[in-house]
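Trainee: I'd like a close look at a single part of this one, please. Take your time and walk me through it.

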Amino acid sequence: MSHALFCVNDNGNVGIGTVSPSKKFHVAGQTSNVTLRIDTTGADPNLTFTTLGQQDWGVGVDFSDSGKLKFDASGFVGAATKMTIDNAGNVGIG
């Protein structure tokens with residue numbers, strides 16, 4: 001069996017490692033961990049979740065604040081932080 005490296009179906013679903021993506025973005029692996037990597041050089045890596053045209057939540061690393069992982073109620077890391085996790089495992093809420 002062969003696997004496509006990259007596939008876009010007629011319905012617009014995008015797949016990496018699968019010939020039949022079941023979601024809008026589907027990453028599949030077989031014998032190793034499946035990892036999504038966001039790599040930046042001079043900006044904070046960030047993932048934004050948007051519903052009904054509104055930016056609801058963002059998750060990312062704030063390098064201007066010692067590389068802390070932050071959960072924000074905006075699309076920008078550190079703009080409206082609701083939870084922070086530092087490299088030592090300390091969690092701050094609020």
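Which side chain makes a polar contact with the side chain of Lys70?

Mentor: Some ground rules before I get to that. This is a predicted model, so to speak of local features we need pLDDT of at least 70, side-chain atom pairs count only at pLDDT 80 or more, and totals for chains, interfaces and linings use all residues. Residues are numbered from 1 along each chain as its sequence is written, and side-chain values use heavy atoms, with hydrogens and water left out.

Now, your partner is Asp62: its side chain and that of Lys70 make a polar contact at 2.9 Å. By polar contact I mean a pair of N or O atoms within 3.5 Å; within protein, one must be able to donate a hydrogen and the other to accept it, and residues adjacent in sequence count only if both atoms are side-chain atoms.

Lys70 belongs to strand 6, residues 68-72. Strands here are DSSP runs of E with at least two residues, numbered from the N terminus. Lys70 counts as buried because its relative accessibility is 7%; the cut-offs are under 20% for buried, over 50% for exposed and partly exposed in between, with a 1.4 Å probe and protein chains only.

What surrounds Lys70? Leaving aside neighbours within four places in sequence, Lys70 is in contact (heavy atoms within 4.5 Å) with Gly58, Val59, Gly60, Asp62, Asp65, Val77, Gly78, Thr81, Met83 and Thr84.

Next, the strands on either side. Strand 5 (residues 54-62) runs antiparallel to strand 6, and five bridges join them; two strands pair if DSSP finds at least two bridges between them. Asp62 turns up again here, with Lys68 of strand 6 as its bridge partner. Strand 5 and strand 6 make a hairpin, with five residues between them, and Ser66 in the turn has a positive phi of about 60°. Strand 6 also pairs with strand 7 (residues 81-85), again in the antiparallel sense, over four bridges. There, Leu69 stands opposite Ile85 of strand 7. As a general point, side chains in a regular strand alternate between the two faces of the sheet.

For contrast, look at another part of the chain. Ile16 sits in strand 2 (residues 14-16) and counts as partly exposed because its relative accessibility is 33%. Strand 2 runs parallel to strand 3, with three bridges joining them, and Val14 has Phe25 in strand 3 as its bridge partner.
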